[in-house]
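Reader: I have a structure open and want to learn how to read its features. Please take me through them in turn.

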Amino acid sequence: MISISVVALVFGVVFLAELPDKTALAGLVLGTRYRASYVFAGVAAAFAVHVALAVAAGSVLTLLPERLLSAITGVLFLGGAAVLAFKKSDGDEEIRQPEDQSFWKVSGAGFMLILVAEFGDLTQIMTANLAARYDDPLSVGLGAVLALWAVAGLGIVGGKALMKRVPLALITRIAALLMLGLGIWSLYEAVAG
């Protein structure tokens, strides 16, 4: 069964953490140069691979004793909050363009860009932590992949308009506060448990 509350929580945390990330900017740049649907197909496939890997890693973590698992996820969430809170802007990065604009070239470029850029990224680590914390791989995976696809879609289609209305620094602070809260709660459970 899918837990709507776990899907919603994971969606919110991953969405806010990924929104200020460089991959949203990469999607925006690719989306302005190529057909949006081609870019999204490649990016969405790469994010699905990342979520599957993260959920599998998180599921392995559930084999640890509950108190130890809570302590590990708490520390990792606090580390993620610190990374978001003290992160500097990446600036504009140069993105190589495929020579032609066929579906396979454009979606392949989007897939490879995200596959490489997101491997071991904060949101992948967060997804593994959430999978371990909730021991509900399907709900966590669904929430994470939907959040990443939503960010990719926003970046590809309307990233510039969103960033003009909502300051990136505010989005980053909200994501850091959410992760700080999850970290404190996990550590509390480790100590009190």
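**Reading a helical model**

Author: A search of the whole structure finds 1 salt bridge. A salt bridge is a side-chain nitrogen of Lys or Arg within 4 Å of a carboxyl oxygen of Asp or Glu. This is a predicted model: local features need pLDDT of at least 70, side-chain atom pairs count only at pLDDT 80 or more, and totals for chains, interfaces and linings use all residues. Residues are numbered from 1 along each chain as its sequence is written, and side-chain values use heavy atoms, with hydrogens and water left out.

Reader: Which side chains meet in the salt bridge?

Author: Those of Arg133 and Glu189, at 2.7 Å from N to O. The pair links distant parts of the chain. Arg133 is in helix 6 and Glu189 in helix 8 (residues 168-192), 56 residues apart.

Reader: How many helices and strands does the protein have?

Author: Both are DSSP runs, numbered from the N terminus: helices are H or I with at least four residues, strands are E with at least two. The protein has 8 helices and 0 strands. From the N terminus on, the order is α-α-α-α-α-α-α-α.

Reader: Now the totals. What share of the residues is buried?

Author: Of the 193 residues, 42% are buried. For the surface, accessible areas come from the Shrake-Rupley method with a 1.4 Å probe; for residues, only the protein chains shown count as cover. The protein's accessible surface is about 10,000 Å², and 69% of that belongs to carbon and sulfur atoms.

Reader: What share of the contacts joins residues 24 or more positions apart?

Author: A contact means heavy atoms within 4.5 Å. Among contacts with a separation of 6 or more, residues 24 or more positions apart account for 93%.

Reader: How do I read a nonpolar core?

Author: In soluble globular proteins, nonpolar side chains tend to be buried together. A nonpolar core is a set of buried Ala, Val, Leu, Ile, Met, Phe, Trp, Tyr and Cys residues joined through side-chain atoms within 4.5 Å. The largest one here has 33 residues. Val10, Val14, Val39, Leu130 and Val140 touch the most other members. Helix 1, helix 3 (36-61), helix 5 (103-118), helix 6 (122-134) and helix 7 (137-165) each supply at least two residues of this core. Helix 7 gives the largest share, 8 residues.

Reader: Take Leu130. What does Leu130 touch?

Author: Leu130 is found in helix 6. At 0% relative accessibility, Leu130 counts as buried. Leaving out residues up to four places away in sequence, Leu130 touches Val10, Val14, Phe77, Asp135, Val140 and Leu182. Along the chain, Ala144 is 14 residues from Leu130; their C-alpha atoms are separated by 9.4 Å.

Reader: Which residues does Asn129 touch?

Author: Asn129 is also in helix 6. Its relative accessibility is 1%, so Asn129 counts as buried. Beyond four places in sequence, Asn129 touches Thr73, Leu76 and Phe77. Asn129 and Leu76 are 53 residues apart in sequence but 7.6 Å apart in space, C-alpha to C-alpha.

Reader: How far is Met126 from Leu76 in sequence and in space?

Author: They are 50 residues apart in sequence and 7.9 Å apart in space, C-alpha to C-alpha. Met126 lies in helix 6 and, at 1% relative accessibility, counts as buried.

Reader: Where does His50 lie, and what does His50 touch?

Author: His50 lies in helix 3. At 3% relative accessibility, His50 counts as buried. Not counting residues up to four places away, His50 touches Ile114, Leu115, Glu118, Phe119 and Gln124.

Reader: Which side chain does Glu18 join in a polar contact?

Author: A polar contact is a pair of N or O atoms within 3.5 Å; within protein, one must be able to donate a hydrogen and the other to accept it, and residues adjacent in sequence count only if both atoms are side-chain atoms. The side chain of Glu18 joins that of Thr123 at 2.8 Å. Glu18 is in helix 1 (residues 4-18). Its relative accessible area is 0%, so Glu18 is buried.

Reader: Which residues form the nonpolar patch on the surface?

Author: Patches are made of residues with over 30% relative accessible area and no salt bridge: like charges are joined within 9 Å, nonpolar side chains (Val, Leu, Ile, Met, Phe, Trp, Tyr) within 5 Å. This one has Ile2, Ile4, Leu138, Leu142, Leu146 and Trp149, with about 530 Å² of accessible area together. Helix 7 supplies the largest share, 4 residues. Ile4 is in helix 1 and, at 65% relative accessibility, counts as exposed.

Note on methods:
Buried means under 20% relative accessible area, exposed over 50%, partly exposed in between (1.4 Å probe, protein chains only).
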